[in-house]
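Have a look and see whether you read them the same way.

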Amino acid sequence: MLGFLFMFGLQSLSLQFPPCYKDMSFWISDSFTENNLCEVVRGIAGDLAEEVRLIDNFTNKKGMTSHCYRIAYRSMERSLTDNEINQLQGSVRETVQTKLNVVLR
């Protein structure tokens, strides 16, 4: 993707405003799907959610599986404030817990 941006001289557009990364860990249920997580994040953060990526997972001795996702937030128009990101992440955490039937860690 960055190669595409450099081809058209748009590198300053994508790199001018830094991303903000927030991690979220939770115990998944049998009904959990990554696609549903992405839909929740996109529904709350819209275009500010640049990427949702699984960065860690493990299963404990009791057979419970935990996932940790990193969400990259970025605006192409301005720098985002800590307050904005914290509000978005709080809404994402609340909604993920209620809609996706997971237990936050």
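1. The model is predicted, with local features needing pLDDT of at least 70, side-chain atom pairs counting only at pLDDT 80 or more, and totals for chains, interfaces and linings using all residues. Numbering runs from 1 along each chain as its sequence is written, and side-chain values use heavy atoms, leaving out hydrogens and water.

2. H4 itself covers residues 82-99 and spans 25 Å from first C-alpha to last, close to the expected 26 Å (1.5 Å times one less than the number of residues). Helices here are DSSP runs of H or I with at least four residues, strands are E runs of at least two, and both are numbered from the N terminus.

3. Which residues of H4 are buried? Ile 85, Leu 88, Gln 89, Val 92, Thr 95 and Val 96 are (under 20% relative accessible area; exposed is over 50%, partly exposed in between, with a 1.4 Å probe and protein chains only). They fall within an arc of 135 degrees, so they line one face of H4 (the arc is taken over directions from the helix axis to the C-beta atoms).

4. Turned away from that side are the exposed Asp 82, Asn 83, Gln 87, Glu 94 and Thr 98. The buried residues of H4 pack against E1 (20-27), H3 (34-45) and E3 (65-73), contact being heavy atoms within 4.5 Å.

5. In H3, Leu 37, Val 40, Val 41 and Ala 45 are buried. Their arc is only 105 degrees, which puts them on the same side of H3. Glu 39 and Gly 43 are exposed on the other side.
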